[in-house]
Amino acid sequence: MNKNKKYTAYCGLYCLDCIPSNKELFESLNELKILLEDIEFDKYAELKSKTNETFNDYSQFLDVLEEMKKLECTAVCTEGGCKEDCKIRECVKEKQYDGCWECDEFKDCELLDYLKGIHSIEHNLKMIKEYGVENWADKRGKHYNWL
Ligand code: SF4
Ligand code: SF4
């Protein structure tokens, strides 16, 4: 399958741009977790907390690490990745579209409002509509406003 098509989500996002699809990040988190366990860093943190109180929060750091690991997404949107019960995906499938770019309502669709507040959804959908799902990806907008 054409790469752009594979990674284009029903809503107009590009799956590879999402932090939860960042393989390098999750490999690093897993490696860090294993290393910290191997060297029993918890004991070292306890020792260090006597002179640096930041290390009192070491268990919170591990909680955050664990939650970060849970963010990993290994499937693309069209194969069930991202949100399990996504209303946008349900709607697109119900209307038998390839994606929201085929829908006349995408500019005003309330289902897309949340994503529009974070990502360049409207721009992306326009680009997909104009260039086609196989050729639009190099024209996509910023995924997050900081990346
Ligand atoms: S699951 Fe929904 S929000 Fe996530 S990428 Fe797919 S259509 Fe977009
Ligand atoms: S109404 Fe149209 S734009 Fe909104 S989610 Fe459904 S297909 Fe997408």
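In which loop does H119 lie? H119 is placed in the loop between α6 (113–116) and α7, where helices (H or I, at least four residues) and strands (E, at least two) are DSSP runs numbered from the N terminus. This is a predicted model, in which local features need pLDDT of at least 70 and side-chain atom pairs count only at pLDDT 80 or more, while totals for chains, interfaces and linings use all residues. Residues are numbered from 1 along each chain as its sequence is written, chains are lettered from A and ligands numbered from 1 in the order in which they are written, and side-chain values use heavy atoms, with hydrogens and water left out.

- H119 counts as buried because its relative accessibility is 11%, buried being under 20% relative accessible area, exposed over 50% and partly exposed in between (1.4 Å probe, protein chains only).
- Apart from neighbours within four places in sequence, H119 makes contact (heavy atoms within 4.5 Å) with L13, H143 and Y144.
- N4 belongs to helix α1 (residues 3–7) and is buried, with a relative accessible area of 18%.
- Beyond four places in sequence, N4 is in contact with Y14, V133, E134, N135, W136 and A137.

**Nonpolar cores**

- A nonpolar core is a set of buried Ala, Val, Leu, Ile, Met, Phe, Trp, Tyr and Cys residues joined through side-chain atoms within 4.5 Å.
- The largest such core has 25 residues, among which C11, I88, L112, I121 and L125 touch the most other members.
- Two or more residues of this core come from each of α5 (87–94) and α7 (121–131), and α7 gives the largest share, four residues.
- L112 is in contact with C11, I88, C100, F106, I121 and L125, leaving aside neighbours within four places in sequence.
- A second, separate core of seven residues includes F26, L29, L36 and L65.

**Ligand surroundings**

- Around ligand 1 are A9, Y10, C11, C77, G81, C82, K83, C86, R89 and L115, where a residue is near a molecule if one of its heavy atoms lies within 4 Å of it.
- This shell comprises seven nonpolar, one polar and two charged residues; Ala, Val, Leu, Ile, Met, Phe, Trp, Tyr, Cys and Pro count as nonpolar, Asp, Glu, Lys and Arg as charged, and the others, Gly among them, as polar.
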